[in-house]
Every structure is written in structure tokens, then in C-alpha cells.
Amino acid sequence: MRFVRLGTVLGAVGLFTLVIAASPASGQGSGTLDVVFGNAQANRVCKGDGSGGFPSCPFFADSAIGTLGMALGFVGADGSLDAVFANLGVNQVCLGDGAGGFLPCSNLNADANDSYEVALGHFDGDANLDAVFANWLERNRLCLGDGSGGFSSCVDVSTDDSSTQAVAAGLIDGDAHLDAVFGNQFGANRVCLGDGLGGFSCSDINSDLNDSAGAALGLMDGDAHLDVVFANQAQANRICLGDGIGGFNPCSDVDGGTEDSVGVALGLLDGDTNLDAVFGDRAGPNRVCLGDGLGGFSGCSNVSADNNVTLRLALGLIDGDTNLDAVFANNTSPNRVCFGDGAGGFSSCADVIDDSLPTVGVALGDLEAFQIFSDGFESGDTSAWSNTVP
């Protein structure tokens with residue numbers, strides 16, 4: 001089944017954002033995190049109060065209808081945190097206003113793709129953030145940032161027209177050039193190795209025919225090679241261990257059961273130094289799976305009794321303690337925040353705001369302090385750690 005994300009007829013599911021990783025000894029950051037939601041209708045930002053609540057959630061000006069994915073990053077030249085939206089149609093960039101909001105949005109270019117997700121990073125060797133888009137039944141695209149809030153040109157990542165639903169970026173093959181992993185529907189997932197000039201060399205990760213709607217990179221097995229976790233629909237979620245030279249060793253199931261997952265985020269949830277995974281599920285409770293540090297998982301459990309159609313999620317420090325919390329973007333039910341207990345579970349959940357818009361993307365950041373909170377590898381540091389970054 002095609003994973004789609006718009007309105008009541010279309011259902012839905014990342015998120016990757018600019019981040020500089022920190023070591024566990026440095027703590028998990030500080031600041032009051034805000035949440036940016038990408039909606040099938042107008043996008044919105046919910047301002048956090050630092051205690052787990054969100055007292056206001058204004059809409060963006062001139063944001064497109066039909067957002068499927070989003071990412072935060074420093075795209076403009078003023079140092080404010082900006083948002084890039086992957087849309088059904090023309091993708092958009094919305095520049096931050098420096099006061100916790102966003103200026104009127106503009107089209108990223110004239111392309112009218114069905115873009116499902118976007119990842120930001122330095123792909124062409126300059127200091128400007130670029131955007132790579134996962135496109136449905138079209139070639140995935142890289143758009144090069146000009147450093148002033150615009151994008152100078154867009155090129156195909158490769159010549160294949162896959163049904164791509166997810167993208168994550170990181171240093172996969174041991175050089176200093178940013179690479180990308182793409183999750184596809186009923187086709188082989190792909191790894192595309194960057195050449196540092198804005199080009200890629202792509203190949204299948206393996207011959208598995210998954211229905212992958214989410215992807216996240218992290219160090220899962222104790223070596224220094226990035227691994228990838230895929231959120232799969234109507235299949236078991238999968239983990240593929242990186243070999244450090246651009247390929248992946250045989251993949252294995254995260255859990256023995258069949259899931260209907262459309263999003264995944266990685267973070268340290270249970271007090272040890274092994275990365276854990278949270279999966280967003282569109283047809284059952286969301287799940288948390290605790291990593292064993294060897295490339296497997298010691299067990300999975302429900303995040304809560306909620307049974308929403310979750311389409312994306314993000315991890316961050318929402319309520320002022322040092323335990324990672326989860327924000328879930330839901331379709332036609334209120335978006336939810338679930339508070340981590342520091343032992344691998346979640347103590348309680350609450351609505352972010354009492355409405356039921358079809359939400360399809362989520363990212364966390366302290367918009368007034370110009371900080372992002374996410375998991376990523378744009379800085380070149382391959383240690384995965386959720387951290388607030390100046």
C-alpha cells in the first residue's frame with residue numbers, strides 16, 4: 001500500500017535536521033524547545049513553556065497545503081532557525097524571523113514533485129546548507145543552498161525513479177563527504193555516497209523488498225560505522241549494520257512481529273549508552289525498542305495505550321528534566337507529547353494542542369535561541385546523541 005499523507009482521503013507518515021553531536025558526558029542540552037509541525041493544511045509552530053506544555057500554536061504565513069515532511073536548519077544568512085518543507089507540489093522554505101516565528105514562506109524552486117521527506121546538510125563542499133528530497137515515483141533531488149535563504153539549483157540524485165518515502169543523511173563510507181540513505185516502498189532501499197561536489201554514486205543496500213516509510217542513522221553496534229534503522233509498513237522494522245566503506249552487512253528484524261511503522265527516531269532513553277529506537281505506528285500503539293549495543297534490541301514495548309495514526313515523531317527534552325521525551329505527529333487526532341521516565345519507558349502523554357489537523361511532519365528546536373534539537377550527522381561527528389545545539 002502506498003504511504004500517503006494528506007487530508008482525510010490521504011493518510012500519512014523524519015526528519016533530519018542540522019545538528020552537532022555531543023558526548024553523553026556533556027548532558028542533553030538546555031533551553032526551551034518549540035515544536036514545528038508540517039500539516040496537510042497550513043503548517044504551524046507550537047511554543048514550548050519548558051514544563052511540557054505548549055501555550056500557543058500559531059500557523060505559518062503563506063505555507064503550502066500538502067506538506068509531507070520537513071526539516072529545520074540555518075538556511076538563511078541571519079542566524080535564525082529556518083524551516084524547509086517537502087510538499088505534494090512545490091517545496092517551500094520559510095525563514096525564521098528571529099523572534100520564534102517565521103516570515104512568509106516562498107517556493108524553493110519551480111519543481112512540482114511529490115516530495116515525502118527532506119534532509120539538510122553540506123553536500124557540495126561550501127558552507128551553505130543544501131536540501132535532499134525523497135520523491136515518490138520521481139527522481140530524488142538535491143537542491144544546493146545559496147546561503148541567503150534560497151537554493152541556486154536542483155539536480156537529480158540518481159537516475160532511478162523509486163517510490164521513496166524516507167531519507168536520512170550521514171557519513172557512511174569513511175570519507176568526509178555527506179551521504180544519504182533512502183527508504184523505498186516495495187523496492188530495495190538505497191544508499192547514495194556523496195562525492196563532496198553535490199553528486200552521488202547510488203546502489204541498493206541489499207535485495208530486500210521492504211515498504212520503508214522512515215529511516216534513521218546511528219551507531220547501534222559498538223563500532224564507528226553508521227547503521228540504519230528502517231520503519232516499515234506491514235512488515236517487521238529492520239536494522240542494517242554499516243560496514244564503514246559505504247555498504248551494509250545483512251539486515252535483521254528489530255522485533256519479530258509485523259509492525260505498521262511510518263517513522264523512527266533514535267536516542268538514549270534508558271540510562272545506558274546504547275542507542276534506542278522509538279517507532280511511530282499508523283495502525284497501533286507507538287513502540288519503543290531498547291538497543292543492546294550489539295546491533296540488536298533487548299525488547300520492545302508500547303509507548304502508551306494511545307492508538308493514533310502516527311505519521312512522524314521527534315525526540316527532545318520537553319518537560320525540563322534530563323529524560324528524552326517524544327512528540328508524535330498524528331493524522332486527524334491531536335498531536336501528542338509523551339514524557340520519558342529515563343528507564344526506557346514513558347510516564348504519561350498529553351495533547352500538544354486540542355485539535356485534529358492531519359499532521360505529517362515534526363521537528364524540534366529552540367526558535368528564539370536559534371538551537372536545533374534532533375539526531376543527525378551534518379557536522380561530521382558520527383556519534384548519535386540527541387542534544388540542543390547552538
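**What the labels rest on**

Analyst: Let's start with a cysteine pair: Cys338 has Cys349, in β26, as its bridge partner. Keep in mind that this is a predicted model.

User: What makes Cys338 and Cys349 a disulfide?

Analyst: The cut-off is 2.5 Å between the cysteine sulfur atoms. The sulfurs of Cys338 and Cys349 are 2.1 Å apart, so the pair is within the limit and counts as a disulfide. In general terms, that is a covalent bond between the sulfur atoms of two cysteines.

User: Why is the disulfide of Cys338 and Cys349 called right-handed?

Analyst: Because the torsion about its S-S bond is about 110 degrees. As for what the link connects, Cys338 sits in strand β25 (residues 336-340) and Cys349 in strand β26 (residues 346-351), so parts 11 residues apart in sequence are tied together.

User: How do you know whether Cys338 is buried or exposed?

Analyst: Buried means under 20% relative accessible area. Cys338 has 1%, so Cys338 goes down as buried.

User: What makes β25 and β26 a pair of strands?

Analyst: Two strands need at least two bridges between them to pair. β25 and β26 have 5 bridges, in the antiparallel sense, so they qualify. They belong to an open sheet of 4 strands, ordered β23-β24-β25-β26 with antiparallel pairing.

User: Why are β23 and β26 called edge strands in that sheet?

Analyst: Because β23 (310-316) and β26 each pair on one side only. From one strand to the next, the twist of this sheet averages 20 degrees.

User: How many disulfides does the rule give for the protein?

Analyst: The count comes to 7 disulfides. One of them joins Cys143 to Cys154, with S to S at 2.1 Å. Cys143 belongs to strand β9 (residues 141-145) and Cys154 to strand β10 (residues 151-156), so that link ties parts 11 residues apart in sequence. Its S-S torsion is about 110 degrees, so it's right-handed. Cys143 and Cys154 are both buried.

User: What about Cys46 and Cys57: how do you know which parts their disulfide ties together?

Analyst: Their S to S distance is 2.1 Å, and 2.5 Å is the limit, so this pair passes too. Cys46 is in strand β2 (residues 44-46), while Cys57 is in the loop between β2 and β3 (67-73), so the link joins parts 11 residues apart in sequence. The link is right-handed, with 120 degrees about the S-S bond. Both cysteines, Cys46 and Cys57, are buried.

User: Why is Ser158 called buried?

Analyst: Its relative accessibility is 15%, and the line is drawn at under 20%, so Ser158 counts as buried. You'll find Ser158 in the loop between β10 and β11 (164-170). Beyond its neighbours within four places in sequence, Ser158 is in contact with Arg139, Asn140, Arg190 and Cys202.

User: And what makes the link between the side chains of Ser158 and Asp160 a polar contact?

Analyst: The N or O atoms must be within 3.5 Å, with one able to donate a hydrogen and the other to accept it. The Ser158 and Asp160 side chains are joined at 2.2 Å, so the distance is within the limit.

User: What does the protein look like as a whole, in helices, strands and buried residues?

Analyst: There are 0 helices and 29 strands. Of its 390 residues, 64% count as buried.

Note on methods:
Residues are numbered from 1 along each chain as its sequence is written. This is a predicted model: local features need pLDDT of at least 70, side-chain atom pairs count only at pLDDT 80 or more; totals for chains, interfaces and linings use all residues. Side-chain values use heavy atoms; hydrogens and water are left out. Helices (H or I, at least four residues) and strands (E, at least two) are DSSP runs, numbered from the N terminus. Buried means under 20% relative accessible area, exposed over 50%, partly exposed in between (1.4 Å probe, protein chains only). Contact means heavy atoms within 4.5 Å. Axes are lines fitted to C-alpha atoms, for helices over the stretch in contact, and angles run from 0 to 180 degrees between N-to-C directions.
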